[in-house]
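Subject: Handover of a structure

Dear colleague,

Please find the sequence and the structure below. My notes on what was found follow directly after.

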Amino acid sequence: MGDMHKVPGAASGMDARQLKVEAARAALAHVSDGMRLGIGTGTTAEEFVRLLADKVATGMTVIGVPTSERTAALCRELGVPLSTLEETPELDLTVDGADEVDPELTLIKGGGGALLREKIVAAASQRMIVIADRSKMVETLGRFPLPIEVNQFGLRATEIAVAAAAANLGLAGPITLRMTGGQAFVTDGGHFILDASFGRIPDTRALSNALHAVPGVVEHGLFIGLASAAIIAGGDGIQTVHAARKPGSSTNHDVA
């Protein structure tokens, strides 16, 4: 089931934040001097930023491309040097969290509302390492509602088309507009997010293709063939799952 090593104190019952810190610490071991890094969004990615900032403060040289304004603000606050994909269009490594991870290292992302930029940054990277706690590992994706980033124009028509595309694949369930503070949540790119509770998604590739065919869909939270490894923290230690495939080449995988 992958490499496993014990973390001091893990057996005594870490809380959720401690598990995120340990996963982030394990990911930091893959960062070397001079790297161009994609830096993810969310609570687990923020723990990585804090640990990375400590390394930068003691002399490590890296450049980071953040996947959200929220991550950019934290990096600036902690002194992590930043760039953009315009200035640094090719990255060595992206480290990011996930809302769900399946055995093939296909992901659901977007719970934090940054899925479009996260996917663009991940695709510009030679490698993507996912950091998460054990609760995010699932046999089949879909327990977590799938975020779908959509254009504000034609919202209702897009919602109907998304439901129809899903129905053609035997998927159904509530599709809700994400709200915050009584108003529609707006992404950094100025879009809305629909959260689709389809339940189990047995064919992620088919759903991905169907959603991309809907004109109002900007992007969706299925990350297929992008992650090269997942670092999973649990009460019994850290597990690293590697994709045997070159990301994007096939769905075969292995664990080392």
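The protein chain has a mean pLDDT of 92, and 90% of its residues reach 70 or more; pLDDT is the predictor's confidence in each residue, from 0 to 100. Over residues 6–12 the pLDDT stays under 50, and the model has 12 contacts beyond four places in sequence for them. Residues 246–256 also have a pLDDT below 50, with 27 contacts in the model beyond near neighbours in sequence. A contact here means heavy atoms within 4.5 Å.

This is a predicted model, in which local features need pLDDT of at least 70 and side-chain atom pairs count only at pLDDT 80 or more, while totals for chains, interfaces and linings use all residues. Residues are numbered from 1 along each chain as its sequence is written, and side-chain values use heavy atoms, with hydrogens and water left out.

Helix α1

Helices (H or I, at least four residues) and strands (E, at least two) are DSSP runs, numbered from the N terminus. Helix α1 covers residues 16–28, which is 13 residues, and spans 19 Å from its first C-alpha to its last. That is close to the 18 Å expected at 1.5 Å a residue, the expected span being 1.5 Å times one less than the number of residues. At the start of α1, the backbone nitrogen of R17 lies within 3.2 Å of a side-chain oxygen of D15.

Among the buried residues of α1 are L19, V21, A24, A27 and L28. Buried means under 20% relative accessible area, exposed over 50%, and partly exposed in between (1.4 Å probe, protein chains only). The partners against which the buried residues of α1 pack are α2 (43–57), β4 (91–96), β7 (125–133), β15 (229–234) and β16 (237–242).

Nonpolar cores

A nonpolar core is a set of buried Ala, Val, Leu, Ile, Met, Phe, Trp, Tyr and Cys residues joined through side-chain atoms within 4.5 Å. The largest one holds 30 residues, of which V31, L37, F48, L52, I131 and I231 touch the most other members. Two or more residues come from each of α1, β2 (36–39), α2, α3 (69–78), β4, β7 and β15. Leaving aside residues up to four places away in sequence, F48 touches A24, A27, L28, V31, V95 and I131. A second, separate core has 23 residues, including V138, L146, F192 and A196.

Salt bridges

The whole structure contains 14 salt bridges, each being a side-chain nitrogen of Lys or Arg within 4 Å of a carboxyl oxygen of Asp or Glu.

One of them joins R50 and E47 (3.7 Å, N to O). The two residues are three apart in helix α2 and so are separated by about one helical turn. E47 is buried, at 7% relative accessible area, whereas R50 is partly exposed, at 35%. R17, E47 and R50 are linked in a network of salt bridges.

E219 pairs with K119, the closest N and O atoms being 3.0 Å apart. Because E219 lies in strand β13 (residues 217–220) and K119 in helix α4 (residues 115–123), this pair ties together parts that are 100 residues apart in sequence. E219 is buried, with a relative accessible area of 12%, and K119 is buried, with a relative accessible area of 12%.

R134 and D236 meet in a further salt bridge (3.2 Å, N to O). R134 lies in the loop between β7 and β8 (146–150) and D236 in the loop between β15 and β16, so the pair ties together parts 102 residues apart in sequence. R134 is partly exposed at 30% relative accessible area, and D236 is partly exposed at 34%.

Yours sincerely

Terms used. Polar contact = N/O pair within 3.5 Å; in protein donor to acceptor, adjacent residues only side chain to side chain.
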